[in-house]
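Reader: Could you walk me through this model, starting with the ground rules and then moving on to the helices and rings?

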Amino acid sequence: MITPKKKAFILLVASILLSLSGVAAFLWIFGKGFNIYWLILSPVIIALYQFPAVYVFRLYRRRLAGTKKAEDRPADARDGDPGRP
């Protein structure tokens, strides 16, 4: 059974792989003709390639925070009261 923490860990691994692939794509595309213009623009270009990794890492942090909140709640709060909305 896949627990919420394992699902969060999968997102962490995916964000690391996306980050490394973004840097590799930058080097593959711009590495051959690298000059002063690419040196000046490289932080912006690398940041664009890192957007998917940042998004997945953000999902990981949210999911991890959600599992920690669920673990911190007392058992009676998890059951829920039918009279409560």
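Predicted model: local features only at pLDDT ≥ 70, side-chain atom pairs only at ≥ 80, totals over all residues.

Reader: How many residues does helix α1 have, and how far does it reach?

Author: Helix α1, residues 4–30, has 27 residues (helices are DSSP runs of H or I, at least four residues, numbered from the N terminus). From first C-alpha to last it reaches 39 Å, close to the 39 Å expected at 1.5 Å a residue (1.5 Å times one less than the number of residues).

Reader: Which residues of α1 are buried?

Author: They are A8, L11, L12, S15, G22, F26 and F30, where buried means under 20% relative accessible area, exposed over 50% and partly exposed in between, with a 1.4 Å probe and protein chains only.

Reader: Switching topic, how many aromatic pairs turn up in the whole structure?

Author: The search finds 2, counting rings of Phe, Tyr and Trp (its six-membered ring) with centres within 6.5 Å; planes under 30 degrees apart are stacked, over 60 edge-to-face and the rest tilted. The rings of F26 and F30 have centres 5.4 Å apart and planes at 45 degrees, so that pair is tilted. Both residues lie in helix α1, 4 residues apart, about one turn of the helix.

Reader: And what about F57 and Y60?

Author: F57 and Y60 also form a tilted pair, 5.7 Å centre to centre with 35 degrees between the planes, and both lie in helix α2, residues 36–72, 3 residues apart.

Reader: Is Y60 buried or exposed?

Author: Y60 is buried, with a relative accessible area of 14%, whereas F57 counts as partly exposed at 35% relative accessibility.

Notes:
Residues numbered from 1 in each chain as written. Heavy atoms only, no water. Helix = DSSP H or I, 4+ residues; strand = E, 2+ residues; numbered from the N terminus.
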